Amino acid sequence: MPGRIEIPFGAQSLIIESGKLAKQANGAVTVTCGGTVVLVTACMSKKPREDVDFFPLMVEYQEKTYSAGKIPGGFFKREGRPTEKEILTSRVIDRPLRPLFPLGFYHDVQVVASVLSSDGENDPDILALVGASAALVISDIPFDGPVGAVRVAQVDGQLVVNPTYAQRTQADLDFVVAGIEAGINMIEGEALEVPENVVHDALALAFKELVAVARAQKELQKQVGKPIAKVEIQKPNEALVNKVRSLVGKRLTDVYQIGDKQQREEAAAELIADLTKDLSIFEGHGRDGEEITQGTIRKIFELIEYEEVRRLVFQEKRRADGRGLKDIRPISSEVGVLPRTHGSSIFTRGQTQSLAIVTLGTKRDEQLIESLEDTTYKNFMLHYNFPSFSVGETRPMRGPGRREIGHGALAEKAIQAVLPSKEDFPYTIRVVSEILESNGSSSMATVCASSLALMDAGVPIKDTVAGISIGLITKDQQAVLVTDIMGLEDHFGDMDFKVAGTRQGITAIQLDLKIEKISLDLLTQAMGQAKEARVFILGKMDEAISTAREEISQYAPRILICEVPVDKIGEVIGPGGKVIKKIMEDTGATSIDIEDDGRVLVSATNKDAAEKAVAIIRGLTEQPEIGKIYDAVVKRVMPFGAFCEFLPGREGLVHVSEISSTYVKDVNEVVKVGDRFKVKLVEIDKMNRMNLSKKQAEQQPV
């Protein structure tokens, strides 16, 4: 049965339709805003997975190039592996949906969002997120939605709902916010050092707008919704849980007195091994016909760990590693740790450690980004690596996964706000964060380490950036915020709220929940707690380095900038690039790039080579000026004088009478090819011939 809902969405309308496309899916909708259309489908497997202890949700977001009237680049001319934008959008869709499926629901669920049409103005990511929720809401898949979503930006001091691409380029705040009618459950965004009160206002506006989107989905559900399928929910056996709890007893409490992560995990593993070595002790505690396996006991043990984390917080007012609720783990910072890189740092917070390395490149190192809306070049990249040894594990070394790409993108947003402009610092910048140890919040350690490494590399960032993660522990109607969460609290806690920024304001923010929602008041409290921690961490980082070094590394390329008249660009390039190639050959410059506006970027391995190339370029476009003194080199000697090059590619004659104040009988006795001396341009004749004087240049007062 077809259904259609249309509501205001910023300056445009949002249209959700169902019943026309992909009717064999459990749920399918198209979401339209302007000329952008996204098809989203949701499907569920017939039977639950028996080999997993997590909800197997798969989200795939795909941008079809035909949607923007383009053919894919590359050799194969079809869409291939997901782009970074597609991976990040898939994560943004997954995160607010996942907490709203019932506990113990182990059916495979797949959400596929395909961009069918793109108008180049409206980003399809929000439409895909709204469509994913709508497809689930009208399906027979158990889902406690709907989820509303909206993008909000601040442009020229005004908050804008559903901004266009053009508006976002001018924004100093750009957030994606999702949630249900009762509260927010996902945030992803970046800002230009925006204070917390402005962020609060943006979130308040976003929540108001997303509620309207969620209510619209309910209207669509009334039109076309299917009865919810009856699926088996694997709830824990209370009798078996109580038996495991009684056997664990004080031993688990003792395990959680151990502050070191590895020692605690080893003690917990030993406790599990003791529980599962003889399963006969659990006979009579299972359901009729239920097979009690080691996997069953491990799942229950994890449930009891979940309870212990909460007991510590609410009864003992402490955490598993002994810290207070707002305590930050010990911090240390070092810079200049690698001798041949352009910049490096190590940032350690507790048992989380990031080694950040900066590499400076030229314009030719920029990354080409082909997207639906435009083709652009990116001169700042931050890459995050999470090797298995960082958590003491073994696994195959593959390419970066979705988590690594997501963490790198978040840290990149955090740093982007403080980078100098291309005009002030014309380098391509790549930062790589190698996570050497991990026990929670390695993405925020990456922010800190990257900021330090950039300053060590001499990149003139506007301010130092730090990041911190705030967690949430809930029990019944109680809620407690904890600062600087470790891996255990990320796993068993209810929230991972990452906030990065300077002392002046926020530069990046990300909220993930394991519960259905969080109130705006509690989020505001968490932002205040994050700021307090951020300022503390910045103080610790300042002890290592507080401002950028005055000089870049001796191993980094040198880039000098000069300008030439636009009408002279062709002369500098030469036919087939002949002139530029000759300049590079003569000076040792590694690259010369000329912009359409006449800006010339000269790159070389050392400053002298770059300066020589710049001098030649300026000489090529400089107009000879009568009466001006020039440095000249003798190119040819004739009986009547010497021809000298006084500007690149420009020669003039020093007549024999102008070589010296004394009589010169034979020019060859006074000058020879290769001699260098100063000359004065004394005349440009009707045939544009240049007449020079060595004699007058020597007589010119200094």
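This is a predicted model: local features need pLDDT of at least 70, side-chain atom pairs count only at pLDDT 80 or more; totals for chains, interfaces and linings use all residues.
# Reading folds, turns and a cavity

Student: Where does Asn-162 lie?

Tutor: Look in the loop between β8 (158-161) and α3 (165-169). Helices (H or I, at least four residues) and strands (E, at least two) are DSSP runs, numbered from the N terminus.

Student: What should I look for in the backbone of Asn-162?

Tutor: Check phi. Most residues other than glycine have a negative phi, and most peptide bonds are trans. Asn-162 has a positive phi, near 55 degrees, and is not a glycine. Ala-22, also not a glycine, has a positive phi of about 50 degrees. You'll find Ala-22 in the loop between β2 (12-18) and β3 (27-33).

Student: Is Ala-22 buried or partly exposed?

Tutor: Partly exposed, at 35% relative accessibility. For the peptide bond side of the story, go to Gly-145 and Pro-146: the bond between them is cis, with omega near 5 degrees. Pro-146 sits in the loop between α2 (124-137) and β7 (148-155).

Student: How many cavities of 30 Å³ or more are there?

Tutor: A cavity is a set of points on a 1 Å grid over the protein atoms alone where a 1.4 Å probe fits but cannot get out, and lining residues have an atom within 4 Å of a point. Points are joined across faces, edges and corners, and volume is the space filled by probe spheres set on them. Here the count is one cavity of 30 Å³ or more, and the largest cavity holds about 40 Å³ of space.

Student: Which residues line the largest cavity?

Tutor: Our Asn-162 is one of them, along with Phe-9, Asp-123, Ile-126, Arg-151, Pro-163 and Arg-168. Sorted by class, that lining has three nonpolar, one polar and three charged residues. Ala, Val, Leu, Ile, Met, Phe, Trp, Tyr, Cys and Pro count as nonpolar, Asp, Glu, Lys and Arg as charged, and the others, Gly among them, as polar.

Student: How do I read strand pairing, say for β18 and β20?

Tutor: Two strands pair if DSSP finds at least two bridges between them. β18 (residues 466-475) and β20 (residues 495-501) run antiparallel, joined by seven bridges. Ala-466 stands opposite Gly-501 in β20.

Student: Which way does β18 pair with β19?

Tutor: Antiparallel again, with six bridges to β19 (residues 478-483). Leu-472 has Leu-481 of β19 as its bridge partner. β18 and β19 make a hairpin with two residues between them, and Asp-476 in that turn has a positive phi of about 55 degrees.

Student: How many residues of β18 are buried?

Tutor: Nine of the 10, so β18 is mostly covered. Now try β11 (residues 331-335): Ile-331, Ser-333 and Val-335 make up its covered face, while Ser-332 and Glu-334 form the uncovered one. β11 joins β12 (residues 343-349) through five bridges, running antiparallel. Within that pair, Ser-332 has Thr-348 of β12 as its bridge partner.

Student: What does Ser-90 touch?

Tutor: Contact means heavy atoms within 4.5 Å. Ser-90, found in helix α1 (residues 84-97), touches Val-59, Glu-60, Tyr-61 and Arg-402, leaving out residues up to four places away in sequence. A polar atom of the Ser-90 side chain is 3.0 Å from the backbone nitrogen of Tyr-61. Ser-90 is buried, with 2% relative accessible area.

Student: And Lys-222, is that buried or exposed?

Tutor: Exposed, at 67% relative accessibility, in helix α4 (residues 196-224).

Student: What does the chain span along its principal axes?

Tutor: The C-alpha trace spans about 125 × 60 × 45 Å. The chain has 16 helices and 29 strands, and 53% of its 702 residues count as buried. Of the contacts between residues at least 6 apart in sequence, 69% join residues at least 24 apart.

Key:
Residues are numbered from 1 along each chain as its sequence is written. Side-chain values use heavy atoms; hydrogens and water are left out. Buried means under 20% relative accessible area, exposed over 50%, partly exposed in between (1.4 Å probe, protein chains only). On a 1 Å grid over the protein atoms alone, a cavity is a set of points where a 1.4 Å probe fits but cannot get out, and a pocket is an open set with protein on both sides within 12 Å along at least five of seven lines; lining residues have an atom within 4 Å of a point. A polar contact is a pair of N or O atoms within 3.5 Å; within protein, one must be able to donate a hydrogen and the other to accept it, and residues adjacent in sequence count only if both atoms are side-chain atoms.
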